[in-house]
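Dear colleague,

I am passing on the structure below, together with some notes on how its parts pack. Please read them beside the model.

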Amino acid sequence: MTEMGGGFGGKNRLIVEAPTALLALCTGRPVKVTINRDEDFMDSRPAPGCWVRLKTGAAKDGTLLAVEGRIVWDGGIIGGGWGPDRLLGSYRFPNIRLESFCVRTNKPGPGAYRAPCAPQTAVPCESNLDELADQLGIDPVEFRLKNALVKGDRAPSGTPLAHDWARETIRKAAEAARWGKRRLKRNQGIGIACGNWQNGSGATNAFVTLAGDGSAQVLTGQVDITGLHTVMAQIVAEELGLPVAKVSVRLADTDSVPYTSVSAGSKAAYTAGTAARRAAIEARDRLLKEAADRLEASVEDLEILDEVVRVVGSPGHSVSVAELVQDTVSSGEGPISGRSIVGSIPTCPAYSVEVAVVEVDPETGKVRLLDLVVAQDVGKALNPMLLEGQMQGGAVQSIGFGMMEGYRHDREGHVLNPNLLDYAIPTALDVPNVRTVFVEDPCDYGPYGAKGAGEPPIIPGAAAVANAIKDAVGVRVTEMPMTPERVLAAIQAGRATAGN
């Protein structure tokens with residue numbers, strides 16, 4: 001089966017699949033439906049737009065006291081809405097009054113796009129914090145450290161926090177960006193912003209079988225996006241003492257495995273990785289039991305290393321994994337295998353903090369991104385290369401959201417830029433080398449303490465750029481994307497206000 005690659009939420013709902021299936025049923029013939037780029041823009045569930053009014057209050061010492069606001073979502077032709085709790089960000093508020101509304105419009109119906117609705121709400125939340133910090137004369141990093149959620153608090157989802165994940169991520173991001181130590185030129189600015197995401201959970205499974213040559217096969221119903229099966233193979237190899245090359249992962253449908261929930265919501269590696277580890281541990285326990293009988297040793301005295309089960313401290317007293325598996329084929333208990341069927345596991349929030357450095361041309365409004373640091377609370381980095389790709393990719397998408405991407409409509413709801421010439425996305429020329437920082441403080445539930453990592457990095461980037469622009473030229477841009485036209489308009493409005 002050909003893997004689909006990244007999803008980002010765009011494959012969560014049916015678009016052309018249902019009419020294709022219906023046409024095939026009606027005609028009794030194979031049917032292929034192809035949509036062109038214009039049609040894709042008209043009906044592919046873009047991220048929703050919104051309007052936000054937000055008031056944030058704090059004491060003179062910088063302690064946040066209250067937040068009050070209203071958010072109105074553009075529900076397009078399908079309606080539906082999202083809660084206002086994302087406006088709380090990663091901070092403690094003793095007094096909260098938030099409202100959320102959704103309106104139907106004649107625009108395309110919205111859908112999920114990597115951390116749905118979180119980048120949109122991070123901009124007003126983090127902008128307000130910077131404005132407060134400026135009025136109180138407090139450094140933005142110190143202001144966030146003072147008010148970030150800490151161990152013992154509850155995340156907006158209600159989950160109790162077992163660690164100071166948010167504050168540690170803020171510290172590591174500021175340190176990597178040399179906050180307070182950089183010498184910036186005229187019209188250059190630096191900004192910081194935070195984001196958080198509660199990774200999902202749901203039904204998944206993993207079945208591990210050992211073959212006579214000492215290799216292992218993993219069967220799962222969890223669809224691979226951005227390297228999931230590689231991570232599952234790594235986990236099984238770790239538990240069974242095998243090289244990763246001797247572990248294969250195969251995707252199966254519901255003819256072969258139980259129902260598996262969607263690979264989305266930063267849940268795939270978190271849940272399927274847990275299932276893979278549990279299944280591998282079950283197979284390992286059986287392997288050690290067989291080896292204990294063969295080597296006349298207790299299970300507690302055995303270890304699996306380099307495809308060999310051996311007595312700890314006696315490398316010569318050993319037996320290969322392949323030999324053990326071959327011996328069990330015709331034994332009473334049969335071949336060695338393990339399985340894990342997971343309904344759901346508890347989840348916890350993951351935090352992402354980004355620091356952006358920009359240069360603004362005050363005569364044209366053009367913003368050039370000079371540096372971008374992405375620090376993320378990952379729990380445990382299972383595959384650092386894959387994780388770095390997730391963080392860099394999400395951060396670049398956030399920059400696209402904040403600086404250039406956006407549908408334009410006429411009064412009838414027609415999309416005016418339904419192509420990749422008029423709908424700009426970031427290229428290598430628009431983004432500097434994105435520097436990544438892993439914050440590893442394991443959670444209690446994911447495999448080896450790992451957290452879901454796909455969605456957090458898209459959340460704070462645009463807000464960090466907005467704060468950097470304010471630091472550079474002293475004006476606040478309040479509409480996304482922050483195009484040169486909008487930045488220039490804000491600069492001119494600031495000049496007019498100063499003149500008056």
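**Helix packing and the sheet**

H4 and H5 are roughly antiparallel to each other (angles over 145 degrees count as such), because helix H4 (residues 140–147) and helix H5 (residues 165–176) pack at an angle of about 165°, with their axes 9 Å apart. This is a predicted model, in which local features need pLDDT of at least 70 and side-chain atom pairs count only at pLDDT 80 or more, while totals for chains, interfaces and linings use all residues. Residues are numbered from 1 along each chain as its sequence is written, and side-chain values use heavy atoms, with hydrogens and water left out.

Helices (H or I, at least four residues) and strands (E, at least two) are DSSP runs, numbered from the N terminus; axes are lines fitted to C-alpha atoms, for helices over the stretch in contact, and angles run from 0 to 180 degrees between N-to-C directions.

In the contact of these helices (heavy atoms within 4.5 Å), Val 141, Arg 144 and Leu 145 of H4 meet Arg 167, Ile 170, Arg 171 and Ala 174 of H5. The residues of the H4 contact with H5 comprise four nonpolar, no polar and three charged (Ala, Val, Leu, Ile, Met, Phe, Trp, Tyr, Cys and Pro count as nonpolar, Asp, Glu, Lys and Arg as charged, and the others, Gly among them, as polar).

Three strands, in the order E1-E2-E3, form an open sheet with mixed pairing (two strands pair if DSSP finds at least two bridges between them). Its edge strands are E1 (50–58) and E3 (95–103), each of which pairs on one side only.

Best regards

Technical notes. Parallel < 35°, antiparallel > 145°, perpendicular 65-115°, else oblique.
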